[in-house]
Amino acid sequence: MYRHILIATDGSELAERAVMSGVSLAKSLGAKVSVIIVEPSFEVYNVPESQVRQMSEAFAKHSEQIKKHAATVLDRAAETARAAGVTCNKIQMEHHSPYEAIITAANDGACDLIVMASHGRSGISAILLGSVTNKVLTHTKTPVLVVH
């Protein structure tokens, strides 16, 4: 049925449950997994005005921080897969639109299922905060398993 499962994570507790569910499913099916974390691109507007001259320094610091965070999250997910005996590929991306990066990774990797978490927000909070999961659901042709 599923041979290659893409598991999206941000390192949150809820996303860790999605990692566990995706790895467990992969193990039961004999599938491999790719785990992806998408970090936001550097936004010049996030640099305080007092530090505009030090922008290159701020960019370097931001880049270092997201790479370190991503590596930690991906290593933890890969260890979960390894412990379950599941082959795992780690993907770290920096992109301004995480849902697009997830869909691209699924397509490029010929993944036949995407597993990701959702906080289940509704109403105004869903509109104001947006939902990467909802955007993936509405823009991909790949089946998506949502973990709550």
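Reader: OK, what covers the buried residues of H2?
Author: This is a predicted model, and in it the cover over the buried residues of H2 includes helix H1 (13-29), strand S2 (32-39) and strand S3 (88-94).

Reader: And which residues of H2 are buried?
Author: Among them are Ala58, His62, Ile66, Val73 and Leu74. Ala77, Ala78 and Ala81 are also on that list.

Reader: What span should H2 have, going by its residues?
Author: Helix H2 has 30 residues, 55-84, so at 1.5 Å a residue it should span 44 Å. Its end C-alpha atoms are 43 Å apart, which agrees.

Reader: What happens just after H2?
Author: Glycine 85 sits there with a positive phi of about 75 degrees.

Reader: Switching to the strands. How many residues of S2 are buried?
Author: Seven of the eight, so S2 is largely enclosed by the rest of the structure.

Reader: How does S2 run against S1, parallel or antiparallel?
Author: Parallel, with five bridges joining S2 to S1 (residues 4-8). In that pairing histidine 4 stands opposite lysine 32.

Reader: Now the charges. How many salt bridges are there?
Author: Three. One of them joins arginine 76 to glutamate 16, with the closest N and O atoms 3.3 Å apart. Arginine 76 belongs to helix H2 and glutamate 16 to helix H1, so this pair ties together parts 60 residues apart in sequence.

Reader: Which residue does lysine 90 bridge to?
Author: Aspartate 75, with 2.6 Å between the closest N and O atoms. Lysine 90 is in strand S3 and aspartate 75 in helix H2, so the link ties parts 15 residues apart in sequence. Lysine 90 is partly exposed at 42%, and aspartate 75 is partly exposed at 39%.

Reader: Where does the arginine 82 and glutamate 79 pair lie?
Author: Both are in helix H2, three residues apart, about one turn of the helix. Arginine 82 is exposed, at 55% relative accessible area, and glutamate 79 is partly exposed at 39%.

Note on methods: Residues numbered from 1 in each chain as written. Predicted model: local features only at pLDDT ≥ 70, side-chain atom pairs only at ≥ 80, totals over all residues. Heavy atoms only, no water. Helix = DSSP H or I, 4+ residues; strand = E, 2+ residues; numbered from the N terminus. Expected span 1.5 Å × (residues − 1). Buried < 20%, exposed > 50% of the residue type's maximum accessible area, 1.4 Å probe, protein only. Contact = heavy atoms within 4.5 Å. Pairing = 2+ DSSP bridges. Salt bridge = Lys/Arg side-chain N within 4 Å of Asp/Glu carboxyl O.
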